[in-house]
Amino acid sequence: MGARATAEEFEIAGHTVRLSSPDRVIFPERGFTKADVFHYYVAVGEGIMRALRERPTTLQRFPEGIGGEMFFQKRVPARGVPPWVRTAEISFPSGRTAAELCPADLAHVAWAAQMGTVVFHPWPVRAADPDRPDELRIDLDPQPGTDFADAATAAGELRGLLDELGATGWPKTSGGRGVHVYLRIHPRWTFVEVRRATIALARELERRRPELVTTAWWKEERGRRVFVDYNQMARDRTIACAWSLRANARATVSTPVDWAELPDVDPDDFHLGSVPARLAERGDPHAGIDDTPWDITPLLEWAERDAAAGQGDLPYPPDHPKMPGEPKRVQPSKDRDRPRS
């Protein structure tokens, strides 16, 4: 047997962070090691801290690498954690609570990478007010028969709609075939209200491009369209953040892009080996995301308009308790009470 790689220590943001087993392969297809993941996150520190700072964050961990055991860590252990690691308490739909990692500086990200974290899933809230989102997230998810180009086209339509509203959207690749668009909003509204606003925005987009976009929760009704996953704004639903690696063989990155380049990029070009140089050369396209928080009142007015027209709430994820005003969670083809034409 060869000698085991010795642990290394690094000074990051005023803290000592230990990196053990640096040669452990995390992405076998690309040969990227634990040290590569660790140093990647340090290299994109400016960008990823903009995405994670003071946000309760779920960690998607792969202690033995992609293809091995995976789990989502929502609770930071009470023991064996550096004393400087900060947490924030969040409440799940069940009413239970957890103390999640809440990155205050880049050392927190590096420590998580040392613990085998590949993907960072922050909540759309800050620790100071964990029940009121300050980030509205639109997840444009291509369905079978559609691809990234369709999601990018849908994002372009969304941008036009946001321009009409006076809101600024910040796009990024999902790291797969989809596109995410974030809006920074004032933290005045509950998860339920922000989700309603997201549904209203999605419905308006669907009205304008019904052949391209759908809000249908049930897959059998989506067709070959881009699904706007409004439930990503439900409590305890999270999206891989900007600059986060994704858990796929290609080691892709959920990468912020400019609106002008979005239609032409290939998301597979953004990976662990290429993104640090892109960030160093071009800077962070999301650098201004915190500058102009938006008032979602127009979307809530649209939601009231839609409700008056008979378009009320839509189904929540299956792990949520039944919510007031929510329609039945029954697949339409299996709903015996559904009117038949």
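The backbone oxygen of which residue lies 2.9 Å from a polar atom of the side chain of Thr117?

Tutor: The model is a predicted one, in which local features need pLDDT of at least 70 and side-chain atom pairs count only at pLDDT 80 or more, whereas totals for chains, interfaces and linings use all residues. Residues are numbered from 1 along each chain as its sequence is written, and side-chain values use heavy atoms, with hydrogens and water left out.

The residue is Ala112: its backbone oxygen lies 2.9 Å from a polar atom of the Thr117 side chain. A polar contact is a pair of N or O atoms within 3.5 Å, one able to donate a hydrogen and the other to accept it; residues adjacent in sequence count only if both atoms are side-chain atoms. Thr117 belongs to strand E9, and because its relative accessibility is 1%, it counts as buried (under 20%; exposed is over 50%, with a 1.4 Å probe and protein chains only). Once neighbours within four places in sequence are set aside, Thr117 is in contact with Val37, Tyr41, Leu59, Gln60, Arg61 and Ala112, contact being heavy atoms within 4.5 Å.

The N-terminal end of H3 is capped by Asp105, a side-chain oxygen of which lies 3.1 Å from the backbone nitrogen of Ala107. Just after H3, Gly116 adopts a positive phi of about 90°. Helices (H or I, at least four residues) and strands (E, at least two) are DSSP runs.

H2 spans residues 45–52, and seven of its eight residues are buried: Gly45, Gly47, Ile48, Met49, Arg50, Ala51 and Leu52. Glu54 follows H2 with a positive phi, near 65°.

The whole structure holds two cavities of 30 Å³ or more, each a set of points on a 1 Å grid where a 1.4 Å probe fits but cannot get out. The largest cavity has a volume of about 100 Å³. It is lined by 15 residues, of which Arg50, Ala51, Glu135, Ala242 and His286 are the closest to its centre; a lining residue has an atom within 4 Å of a point. H2 supplies the largest share of this lining, three residues, and H2, E10 and E12 each supply at least two.

E10 and E12 carry the picture into a sheet. Five strands form an open, mixed sheet in the order E11-E12-E10-E14-E13, and its edge strands are E11 (170–173) and E13 (213–214), each pairing on one side only. Helix H4 (residues 148–165) packs on this sheet and touches E10 (135–142), E11, E12, E13 and E14 (226–228). E11 and E12 (residues 179–184) pair in the antiparallel sense over four bridges, where pairing requires at least two DSSP bridges. Within E12, Val181 is the bridge partner of Pro171.

Key:
Axes fitted to C-alpha atoms, helices over the stretch in contact; angles between N-to-C directions. 1 Å grid on protein atoms, 1.4 Å probe; cavity = no way out; pocket = protein on both sides within 12 Å on 5 of 7 lines; lining within 4 Å. Points joined across faces, edges and corners; volume = space filled by probe spheres on them.
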